[in-house]
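Here is a friendly tour of one protein model and its ligand. Please take a look at the sequence and the 3D view before reading on.

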Amino acid sequence: SDSTPLTRGLPIPQGISKNAFLTAISELQSALGSENVVLNDKELKNGWYMEHPNTHDMMPLHSYEEFVASAVAYPGSVEEVQTAVRWANKHLVPLFPISMGRNLGYGGAAPRVRGSVTLDLGRRMNKILDINAEDYTCLVEPGVTFYALYEEIVKRGLQDKMWIDTPDLGGGSVLGNTLDRGVGYTPYGDHWATHSGLEVVLPGPEAQLLRTGMGALEGANTWQCFPYGFGPYSDGIFSQSNYGIVTKMGMTLMPNPGGYESFMYTFPNDSDLASLIDIIRPLRISNILENVAQLRHGLQTLSVKGFPRTRYYTGSGPMPEPVYREHLKSTATGDCAWVYYGMSYGPAHIRKYKLDVIDAEFHKIPGCKKIDPKTLPADEYFWSRDKVASGTPDLEELKWVNWMPNGSHIAFSPIAPIQGEDARKLYGLAKKRHTEAGIDLMPAFCVGLREMHLIVEIVFDAEDEGMRRKAEKCLRDMIDDAAKLGYGEYRTHLALMDQVAGTYNWNEGSLMKFNNQLKDTLDPNGILAPGRCGIWPARYRGRGWEL
Ligand code: ADP
């Protein structure tokens, strides 16, 4: 629904009185301008993807008031970010930095600790600081979205020369998505691997400012060309962590490949999965399949049409296979179990070689069909994948949240090798847990280079407490089942971070011990995003915050 009341009142962070907190807030208002520090003391407004809230998660797994901010601050410069960090250290108020806060499915803009002050960097720090058309690089502030970067390249007349890489939805921050190790669908789809150089404000009381890689060398003109610089490669500790606030990031841009062509294949049986994955592996590793390509389940092909589930089925429990397959018959994709979306890059003669190899290999699966794009209407989802895989931001992917009323989604997203046997095991455990929970299973395998991310988005009604509980149980069971088989998640929702971090526990949790050491050194007062990715500062650790 549009808004929810704050039944628990102003969410004051734990350990500080209301008066002390309000005094601290007015101090921050004097430093940043009163219009740039806003208390969250009214109702919670939900909106939608493009007009999303920055105070809480509009797709919550628990109550809206669990992961909720006490106030939102809008710094306008690096100095103001430093001011906020010093302020937080002085008053021991937790800060939660976001860039755009459109990280829906992973917590959106919400802080992990109730009452944190959200530092919304995107609103005022949103400049494209540089686009270098010779080196094919750019330097961006947190508020630069994939749309904004794309539009700027078009505006400068550079689109024939260079592409950006965008995730399924283009409204996120280039910097925020990269820090959370999100992916896109051109050959530059691994955003973390293609970034170069960070500028970071550290969370300690001095709010020290540093630049990584070549940025540490005064006057270097290679900050965006060579990511490593000299000495330990420090960028890694600032991704999926709570060790710093990133204020600038360098990103590489892809040369326009001189042509591209999307293709789509369908496969008739659920059981084709394993053999298909084994066909994909050598093609992907040798770059015949050139992008992070998607193998999607038939049911997802139906849900992305954007209609509610009830249009097709009103029974309880997962929609039976014969039901959705019957409905698929009347779609452009036809009756099928799996759909493969890919793109080939380069001029026609280069593409032809690759597409011929792919066609011969895919046809080893009996009943495999290539769908001719010319037969597809302009509003077919295929064309959205076509845009995204050629670096044009889009929003079509949002449509499947209409599957449920108050449609919300949270993903189970384990990593596996590109092996049929692993795909079969993961699909099997997801199916078992979805059947138990009575939830529709809509898996997609996103094939990286030597691994695949299985993305299972659970679509649920955020206002239905019973369904939220079922979704949470299903997610937690899948995480545990997968870990027992040796699979771990690449990213997760705020509510599941402790559990996922707990599965990375080799040698008595030595990795988390190391993470905790870093946390205590860099953030001695524990003010920055406590609990993010399962990392708790000493002040919180082992005191009942873990979920
Ligand atoms: P999106 O780009 O999808 O809108 P966000 O801006 O919400 O995503 O960023 C995703 C997550 O990454 C945030 O929840 C936050 O934890 C982290 N993050 C985003 N921006 C920064 C930043 N500038 N410094 C540190 N962490 C950040």
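Predicted model: local features only at pLDDT ≥ 70, side-chain atom pairs only at ≥ 80, totals over all residues.

Residues are numbered from 1 along each chain as its sequence is written, and side-chain values use heavy atoms, with hydrogens and water left out.

**Around the ligand**

- The ligand is surrounded by 20 residues, each having a heavy atom within 4 Å of it.
- The closest of these residues are Ser99, Met100, Arg102, Ser173 and Val246.
- By class, the shell has nine nonpolar, nine polar and two charged residues. Here Ala, Val, Leu, Ile, Met, Phe, Trp, Tyr, Cys and Pro count as nonpolar, Asp, Glu, Lys and Arg as charged, and the others, Gly among them, as polar.
- Domain 1 (3-120) and domain 2 (128-255) each give at least three residues to the shell; the domain bounds come from an automatic or database assignment.

**Polar contacts and burial**

- A polar contact here is a pair of N or O atoms within 3.5 Å.
- Arg532 places a polar side-chain atom 3.0 Å from an oxygen atom of the ligand, and a polar backbone atom of Asn103 is 3.4 Å from a ligand oxygen.
- How much of the ligand does the protein bury? Taken alone, the ligand exposes 550 Å², and the protein buries 96% of that; the areas come from the Shrake-Rupley method with a 1.4 Å probe.

**The sheet of five strands**

- Strands (E, at least two residues) and helices (H or I, at least four) are DSSP runs, numbered from the N terminus. Two strands pair if DSSP finds at least two bridges between them.
- Five strands form an open sheet in the order E7-E8-E12-E10-E11, with antiparallel pairing.
- Its edge strands are E7 (128-132) and E11 (209-211), each pairing on one side only.
- E10 (195-201) and E11 pair in the antiparallel sense over three bridges, and Glu199 has Arg211 of E11 as its bridge partner.

**The sheet of four strands**

- Another open sheet has the order E2-E4-E6-E5, and its pairing is mixed.
- E2 (37-39) and E5 are the edge strands, each pairing on one side only.
- E5 pairs with E6 (116-120) in the parallel sense over four bridges, and Ile98 stands opposite Asp120 in E6.

How values were computed. Polar contact = N/O pair within 3.5 Å; in protein donor to acceptor, adjacent residues only side chain to side chain.
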